[in-house]
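Trainee: I'd like a close look at the ligand contacts, please. After that, could you tie them in with a few other details worth checking on screen?

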Amino acid sequence: MLNVPPQAFPAPRSQQRVSAGGRAKVPLKPGRSLMDWIRLTKSGKDLTGLKGRLIEVTEDELAKHNKKEDCWICIRGFVYNVTPYMEYHPGGEDELMKAAGTDGTDLFDQVHRWVNYESMLKECLVGRMAVKPIAAPKGMVPEKKGLGASVKDLTPSYDWFQTDNSITVVIYTKQKDMNAELVIVDCQDKRLRGEIIVGDHSYLVEVDLDHAVQEDVAVNIAEKVGKIEIILKKKDNVHWKMLGQPLESHNTFIKRTDRGLFYRKCKLVSKTEVTHDTKLFRLMLPKSTHLHVPTGQHVYLKKNIAGTEVVKPYTPVLPFLPLDFKEPFSHDGAHIYLMIKIYSCGLFTQALDHLQIGDYISVSNPEGNFKKSQVQTLEDLFLLAAGTGFTPMVKLLNFALTEVSCLRTVKLIFFNKTEDDILWRNQLEQLALKDERFEVQFILSQPTKDWVGKQGKISSSLLSEFVKISRKDSKVLICICGPTPFTEQGVQYLKDLGYSQEEIHAFTA
Ligand code: FAD
Ligand code: NAD
């Protein structure tokens, strides 16, 4: 059992009390943290009121359970009695009540589709809907009404061929600007999964292969013609009659947000100190995985904690800040680097900190709404980061200094509590010396007496002092990331200072 003091948890500013992604989170009563919920689900208490029986639920029956003290919700065809969960819901009882007695799938997907409700609510499962639920289960081809011909025309297709020792799956995306970040391939235990991102849609090839293949998988991308080859090496020199058995979502082209998150197990290969409480975790992707996390996107880590699957987002960084921007930093493609602050009473980060070198952890496909095109034609880039809100800025900084030819200035305004909390301070200072386009300003909210630099928290006056465009008509972007109140206040101050919505990007979940 984890040693988490129930009274002190979650702490006043914890992720479980403070809003993420702009959603209001309510203060949870003491003893109502995620860890407390996990404890309750393990207590053997009858949480559904059905003594372990699973029933078929009609829509009429579901609708009857629409009160706080008797609340059932359907998610993807499964009905849960969420009454006992009410007080533990980080978004508050009212949010949960919005779906009371109805199909809450869409609402759930809008707010936190990455949360593993199957695991969190397994003891609350009442049963299945007797009739088809209103929302389509994930992975199904969506109705093409309205999109009709356009989606059909854009739908990629695939083919495959073989030689004596290889199998090549060819995907024709009909896109002219394919790149490695849009192709995610996994092949494990004879299961091949190739996901291609086309705008806000995802095309999937997913089959149970006819025969076994070797571990290493090669992916070739003909960027200009949008052709992707996945090359597998046969384990045995036999002729394949077919590629394999199609799995449920095989050959579907659906909205990305309707595709379930896919996880693969990655090995922890190193864990190095960045500051007194922050570590750089280097995770090795399986040989059979092709995955490049795009700039500004995050992944989800999933771990079983006390019998419940817990999922948290993290933004991959580079192993260090490159100082030479003549060449784009070459990503080895085999590793993911995560800079993670370990909180002394953090549920997930404590579990991460206890991982040993060689242990495995599940890592999802990337997500996020930042697009590189927002930066491509910029002249001034401002990065407002607080604490680990620095992580999305790392790749962004590197991308901007390397690939944005019209860029004149990049300014990082980095808010931390104390000097000891500043992440990669030396590297940032070196970069500022090396590249005259880059400038860094540290601002501390709890400095010691010796600190001669700027002090304070984000404010209108600090922003008007430091966010200054280099020319009157400069094309500017201001990116902001940190604790939710920091991000929300920052966005408001920037708007008050006259910056438009398009000139501001807030990183949230
Ligand atoms: P919780 O159990 O949720 O929190 C419990 C304890 O943690 C609290 O009692 C408190 O002591 C402490 N705590 C949590 N948050 C704060 C806070 N803001 N200020 C002070 N104390 C706090 N984190 C990273 O370290 N690196 C990343 O790259 C990263 N990327 C993220 C990307 C996104 C899109 C989002 C939304 C969040 C990201 N986070 C990142 C935060 C991360 O997802 C977790 O919320 C964080 O690791 C805390 O998890 P936990 O379960 O350990 O803490
Ligand atoms: P922290 O507690 O060390 O605080 C760092 C600085 O943030 C403080 O010095 C202060 O200037 C500012 N700050 C903190 N609380 C504030 C408040 N209530 N109002 C105004 N300013 C405030 O920060 P941390 O522990 O490193 O937390 C980093 C946060 O960034 C976490 O909440 C994490 O979830 C978030 N994060 C988000 C993403 C993303 O992409 N959305 C990525 C990484 C981290």
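Mentor: Happy to. Let's start at ligand 2, where one of its oxygen atoms lies 3.1 Å from a polar backbone atom of Lys 417. Keep in mind throughout that this is a predicted model. Ser 445 also meets an oxygen atom of ligand 2, here through a polar side-chain atom at 2.7 Å. A nitrogen atom of the ligand takes part as well, 3.1 Å from a polar backbone atom of Phe 507. On its own, ligand 2 has 860 Å² of accessible area, and the protein covers 84% of that.

Now widen the view to the shell. There are 23 residues around ligand 2, and the ones that come nearest are Lys 341, Tyr 343, Thr 388, Asn 416 and Ser 445. By residue type, the shell consists of 11 polar, 8 nonpolar and 4 charged residues. Two elements, strand β24 (409-416) and helix α11 (484-496), each give at least two residues to the shell. The largest share, 3 residues, belongs to α11.

From the ligand, let's turn to strand pairing. Strand β15 (residues 263-273) has two antiparallel partners to follow. With β22 (residues 360-364) it is joined by 5 bridges, and there you can find Tyr 263 standing opposite Ser 364. With β16 (residues 278-284) it pairs over 6 bridges, and a hairpin of 4 residues connects β15 to β16. In that pairing, Glu 273 has Lys 279 of β16 as its bridge partner.

Another sheet to look at is open and mixed, with 5 strands in the order β1-β5-β4-β3-β2. Its edges are β1 (55-57) and β2 (66-67), each of which pairs on one side only. The partner of β2 is β3 (residues 70-75), in the antiparallel sense and over 2 bridges; Lys 67 stands opposite Asp 70 there.

Lys 68 forms a salt bridge with Asp 94, at 3.6 Å from N to O. This pair connects distant parts of the chain, 26 residues apart: Lys 68 sits in the loop between β2 and β3, while Asp 94 belongs to helix α3 (residues 93-97). Asp 94 counts as exposed because its relative accessible area is 57%, whereas Lys 68, at 36%, is partly exposed.

Arg 39 and Asp 36 meet in a salt bridge at 3.0 Å, N to O. They are 3 residues apart in helix α1 (residues 34-41), so about one helical turn separates them. Asp 36 has 9% relative accessibility and therefore counts as buried, the cut-off being under 20%. Arg 39 has 24%, which means it is partly exposed.

Glu 229 forms a salt bridge with Lys 227, their closest N and O atoms lying 3.9 Å apart; Lys 227 is partly exposed, at 31% relative accessibility. Finally, Lys 29, Arg 32 and Glu 87 are linked in a network of salt bridges. In total, the structure holds 23 salt bridges.

Note on methods. Residues numbered from 1 in each chain as written. Chains lettered and ligands numbered in written order. Predicted model: local features only at pLDDT ≥ 70, side-chain atom pairs only at ≥ 80, totals over all residues. Heavy atoms only, no water. Pairing = 2+ DSSP bridges. Near = heavy atom within 4 Å. Polar contact = N/O pair within 3.5 Å; in protein donor to acceptor, adjacent residues only side chain to side chain. Areas by Shrake-Rupley, 256 points an atom, 1.4 Å probe, with all protein chains shown as cover. Nonpolar A, V, L, I, M, F, W, Y, C, P; charged D, E, K, R; others polar. Salt bridge = Lys/Arg side-chain N within 4 Å of Asp/Glu carboxyl O. Buried < 20%, exposed > 50% of the residue type's maximum accessible area, 1.4 Å probe, protein only.
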